[in-house]
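Please consult the sequence and the model while reading.

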Amino acid sequence: LNLFAKNQPPKKRRKSRTAFTNQQIYELEKRFLYQKYLTPADRDEIAQNLGLSNAQVITWFQNRRAKLKRDLEEIKADVVAAKTTPELPALIEDAQPLDLQTK
């Protein structure tokens with residue numbers, strides 16, 4: 001059974017997943033709102049203030065940019081699908097205004 005494992009070096013153990021605190025995520029998201037890419041000085045400052053390593057901050061921003069790209073592509077696909085769906089204009093025409101006045 002171990003014919004193929006004889007010459008293979010042992011695999012490196014991956015670093016476990018970082019569990020960011022809610023406060024860290026809040027601060028990272030707040031910064032991401034107005035700055036999608038960080039300068040090295042900004043990265044150092046964020047890492048130090050949040051008790052993270054530079055690599056963790058780099059990875060978080062990379063993953064967050066990828067998530068933003070996926071979300072935008074999904075929204076774009078939804079808009080295209082809505083434009084090609086014939087039922088949608090009829091639903092909009094038949095819609096009744098919401099009574100938002102408080103009584």
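How are α1 and α2 oriented relative to each other? They are roughly antiparallel (an angle over 145 degrees, with under 35 degrees counting as roughly parallel, 65 to 115 as roughly perpendicular and the rest as oblique).

## Basis and overall organisation

The model is predicted, with local features needing pLDDT of at least 70 and side-chain atom pairs pLDDT 80 or more, while totals for chains, interfaces and linings use all residues. Residues are numbered from 1 along each chain as its sequence is written, and side-chain values use heavy atoms, without hydrogens and water.

The order of elements from the N terminus is α-α-α-α. Of its 103 residues, 16% are buried (under 20% relative accessible area; exposed is over 50% and partly exposed lies in between, with a 1.4 Å probe and protein chains only). Contacts (heavy atoms within 4.5 Å) between residues at least 6 apart in sequence join residues at least 24 apart in 53% of cases.

## The α1–α2 pair

The axes of α1 and α2 come within 10 Å and cross at roughly 160° (axes are lines fitted to C-alpha atoms, for helices over the stretch in contact, and angles run from 0 to 180 degrees between N-to-C directions). In α1, Gln24, Glu27, Leu28 and Arg31 meet Asp42, Glu45, Ile46 and Leu50 of α2. By class, this contact comprises three nonpolar, one polar and four charged residues (nonpolar: Ala, Val, Leu, Ile, Met, Phe, Trp, Tyr, Cys and Pro; charged: Asp, Glu, Lys and Arg; polar: the others, Gly among them).

## The two sides of α2

Helix α2 spans residues 40-50, and its buried residues are Asp42, Ile46, Ala47 and Leu50. These lie on the same side of α2, because they cover an arc of only 130° around the axis (taken from the directions from the helix axis to the C-beta atoms). An α-helix has 3.6 residues a turn, so residues three or four places apart point the same way.

The buried residues of α2 pack against α1 and α3. On the other side of α2, Pro40, Ala41 and Gln48 are exposed. Glycine 51 follows α2 and has a positive phi, near 70°.

## The α1–α3 pair

Helix α1 (residues 22-34) packs on helix α3 (residues 54-84) at an angle of about 60°, and their axes are 11 Å apart. These two helices are therefore oblique to each other, and α1 passes α3 in a right-handed crossing. Leu28, Glu29, Arg31 and Phe32 of α1 meet Trp60, Phe61, Arg64, Arg65 and Leu68 of α3. The contact has five nonpolar, no polar and four charged residues.

## Two individual residues

Lysine 36 is located in the loop between α1 and α2 and is partly exposed, at 30% relative accessibility. Leaving aside residues up to four places away in sequence, lysine 36 touches Phe61, Arg65 and Leu68. Lysine 36 and leucine 68 are 32 residues apart along the chain, with their C-alpha atoms separated by 10.0 Å.

Glutamine 56 belongs to helix α3. With a relative accessible area of 19%, glutamine 56 is buried. Residues up to four places away in sequence not being counted, glutamine 56 touches Lys15, Thr18 and Phe20.

Note on methods
Helix = DSSP H or I, 4+ residues; strand = E, 2+ residues; numbered from the N terminus. Left-handed = near helix turned anticlockwise from the far one by under 90°.
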